[in-house]
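Here is a tour of one protein chain, written for someone new to reading structures. Have the 3D view open and follow along.

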Amino acid sequence: GQWIELDRDKMSEMLEFWQSHSKENPEIHLKDMIKMASDKEDEIEFDHDEAIAGMLSRLYEKNSLELVQPPSDFNGMLRQYQIRGLSWLMYLEGLGLNPCLADDMGLGKTVQIIALMLRQRQSTQTPAPTLLIAPTSVLGNWGKEVQRFAPRLRVLIHYGGDRIKQPEAFRAECEKLDMVITSYSLLRRDEKLLRQVSWKRVVVDEAQNIKNPKSAQTKAVLKLEAHHRVALTGTPIENRLLDLWSIFNYLNPGYLGTMSQFNKQFELPIQKDNDIAKSNVLRKLVEPFILRRLKTDKEIIKDLPDKVEQKVYCNLTKEQASLYGAVVKDVETQIEDTEGIKRKGLILSTLMKLKQICNHPRQFLKDDSEFTKERSHKLSRLCEMIQEVIESGQSLLIFSQFREICGSLVSYIRKTYHYNTYYIAGDTNMAKRQQQIEEFQREETPPSVFVLSLKAGGVGITLTRASHVFHFDRWYNPSVEDQATDRAFRIGQTKNVFAHKFVTIGTLEERIDAMIEDKKKIASSIIGADESWLTELDNEAFKKLIAISGSAMMEEA
């Protein structure tokens with residue numbers, strides 16, 4: 001009953017679409033339905049049955065999903081929003097769609113994937129393995145988290161000089177596994193080997209690592225065969241919209257068009273001309289595939305305790321492992337011939353040296369060599385996490401007991417990332433100290449990093465602007481760490497506080513952490529105010545404490 005204008009190009013495009021589907025494949029993929037439903041600019045309506053309508057509704061209204069039961073063999077408790085995340089991951093995989101889990105840092109993307117793996121294992125007798133690709137700095141952390149929450153999962157960390165390199169042996173080993181974990185850098189070197197297996201799913205952690213579609217590692221990821229693909233990232237868009245396209249090109253190839261089509265249709269109009277209509281269309285296109293929960297969401301806040309503590313496990317670099325081994329070898333011969341106060345002094349100085357090596361080689365060597373993240377996995381992981389916190393608009397605190405590492409961190413963060421950075425040490429005068437605290441606390445101050453030495457900044461300061469606290473090295477008394485965390489977690493804090501405690505795998509840091517956890521269970525009063533309680537260990541126990549294990553080093557070789 002009325003005239004409407006038909007766009008010749010759009011009509012030709014639609015005719016071509018229907019002809020190709022009617023001749024070659026009478027079925028329309030759900031992704032095509034979502035694209036058609038999202039593109040409001042075309043104003044083309046189509047009819048679909050009730051089942052499809054319900055499906056589309058659940059994809060856009062994620063809270064309407066039916067929740068699955070958490071895996072019975074999950075060794076822990078999933079929070080309600082994590083159960084919703086697990087249900088969403090399973091729902092999308094069931095529809096043949098590939099999801100991007102983009103929860104804020106600290107909300108547990110890792111445990112949601114582990115729970116998904118366990119559910120898969122329960123429902124399938126002989127499931128194909130999942131391949132997880134992550135930055136080198138978090139491989140150890142993944143291994144530890146799987147061991148903690150799902151010890152029944154059969155996992156291989158494909159890394160190091162002794163890794164399986166023969167295709168037949170690798171395929172045979174994979175048939176016995178639930179999960180293979182490897183790094184982006186090693187993926188490039190072992191691409192042919194990893195392409196031998198048809199994976200159940202490929203999970204890319206820290207998916208911003210594939211934001212450059214022209215990089216070798218992105219191309220290698222795209223060549224892997226898998227029934228399902230999953231992306232994990234707290235920053236789906238780091239610098240430009242092309243980052244989003246690259247992640248979606250991995251998840252659902254072709255869904256957002258070619259790179260040049262995406263650039264012309266979305267990137268240029270949105271970033272150059274601030275085209276709101278194009279921005280809305282793009283949002284509707286990607287919304288069904290991305291689950292993004294922020295710590296500031298009221299639903300999430302209700303589901304979280306006020307303070308969330310987590311361990312961040314790191315490995316030693318080759319250089320760190322070499323220095324660590326040399327110190328251990330030297331002290332093992334000395335300890336047998338030392339007694340009394342000299343023995344206690346030797347133990348304390350050894351502990352100090354090994355902790356310095358775990359932090360960064362330059363701190364131990366006390367030279368003018370480069371302070372870079374390539375020399376320390378702990379520094380590398382810290383930098384990755386700092387970037388994610390700052391880019392999400394939050395501020396953070398970093399504590400270390402060593403003044404020299406504090407100064408190095410401040411210089412490195414300012415020079416490399418140009419973040420607003422403050423610093424308090426023992427020699428910071430009262431006026432400077434107060435000025436920095438007041439600046440950091442101001443709401444109008446941009447997201448900032450505050451580095452503090454544990455003794456100078458661990459008590460008597462209110463820094464509630466921060467929602468993340470990083471303990472770069474561990475103090476041997478947990479109450480001292482708790483006091484430092486409470487600089488952010490105190491009266492006046494309106495946000496949840498996330499405390500991240502770094503632990504170097506296979507070294508004294510991991511063993512002392514285990515001892516502290518055991519002692520906490522018995523009585524916290526047993527632990528003294530410093531590491532002097534460790535001097536009471538006998539020689540054999542001390543050697544076991546400081547020994548370096550095979551799991552300490554992650555080198556590609």
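This is a predicted model: local features need pLDDT of at least 70, side-chain atom pairs count only at pLDDT 80 or more; totals for chains, interfaces and linings use all residues.

## Getting started

A quick general point: strands of a sheet pair through backbone hydrogen bonds, either parallel or antiparallel. Here, 7 strands make an open sheet with parallel pairing, in the order β3-β4-β2-β5-β6-β1-β7. At the edges sit β3 (155-157) and β7 (290-291), each pairing on one side only.

Zoom in on β1 (residues 100-101) and β6 (residues 226-232): they run parallel and are joined by 2 bridges. Leucine 101 has leucine 232 in β6 as its bridge partner. Helix α5 (residues 109-123) packs on this sheet and touches β1, β2 (130-134), β4 (179-183), β5 (199-204) and β6, with its direction at about 175° to that of β5. Helix α6 (residues 139-149) packs on the sheet as well, touching β2, β3, β4 and β6, and its direction makes about 160° with that of β4.

## The six-stranded sheet

Now for another open sheet: 6 strands, paired in parallel, in the order β8-β13-β12-β9-β11-β10. Its edge strands are β8 (307-314) and β10, and each of these pairs on one side only. On average, neighbouring strands in this sheet are turned by 20° against each other, ignoring direction.

Inside the sheet, β12 (residues 466-471) pairs with β13 (residues 497-504) in the parallel sense over 4 bridges. If you find histidine 468, its bridge partner in β13 is phenylalanine 498.

Helices α11 (residues 241-251) and α12 pack at an angle of about 145°, and their axes are 10 Å apart. Their crossing is right-handed. On the α11 side the contact uses Leu241, Leu242 and Trp245, which meet Met259, Phe262, Phe266, Glu267, Ile270 and Gln271 in α12. Sorted by class, that contact has 7 nonpolar, 1 polar and 1 charged residues.

Leaving out neighbours within four places in sequence, aspartate 275 is in contact with Pro269 and Ile270.

Serine 380 lies in helix α18 (residues 377-391). Its relative accessibility is 12%, so serine 380 counts as buried. Not counting residues up to four places away in sequence, serine 380 touches Ser137 and Lys373.

How far apart are the end C-alpha atoms of α19 (residues 403-417)? They are 21 Å apart, which agrees with the 21 Å that its 15 residues should span at 1.5 Å a residue. Buried residues in α19 include Ile405, Leu409 and Tyr412, and what covers the buried residues of α19 includes α18, β9 (395-400) and β10 (420-424). Just after α19, histidine 418 takes a positive phi of about 60°.

Conventions. Residues are numbered from 1 along each chain as its sequence is written. Side-chain values use heavy atoms; hydrogens and water are left out. Contact means heavy atoms within 4.5 Å. Buried means under 20% relative accessible area, exposed over 50%, partly exposed in between (1.4 Å probe, protein chains only). Axes are lines fitted to C-alpha atoms, for helices over the stretch in contact, and angles run from 0 to 180 degrees between N-to-C directions. A crossing is left-handed if the near helix is turned anticlockwise from the far one by less than a right angle, and right-handed if clockwise. Ala, Val, Leu, Ile, Met, Phe, Trp, Tyr, Cys and Pro count as nonpolar, Asp, Glu, Lys and Arg as charged, and the others, Gly among them, as polar. The expected span of a helix is 1.5 Å times one less than its number of residues. Two strands pair if DSSP finds at least two bridges between them.
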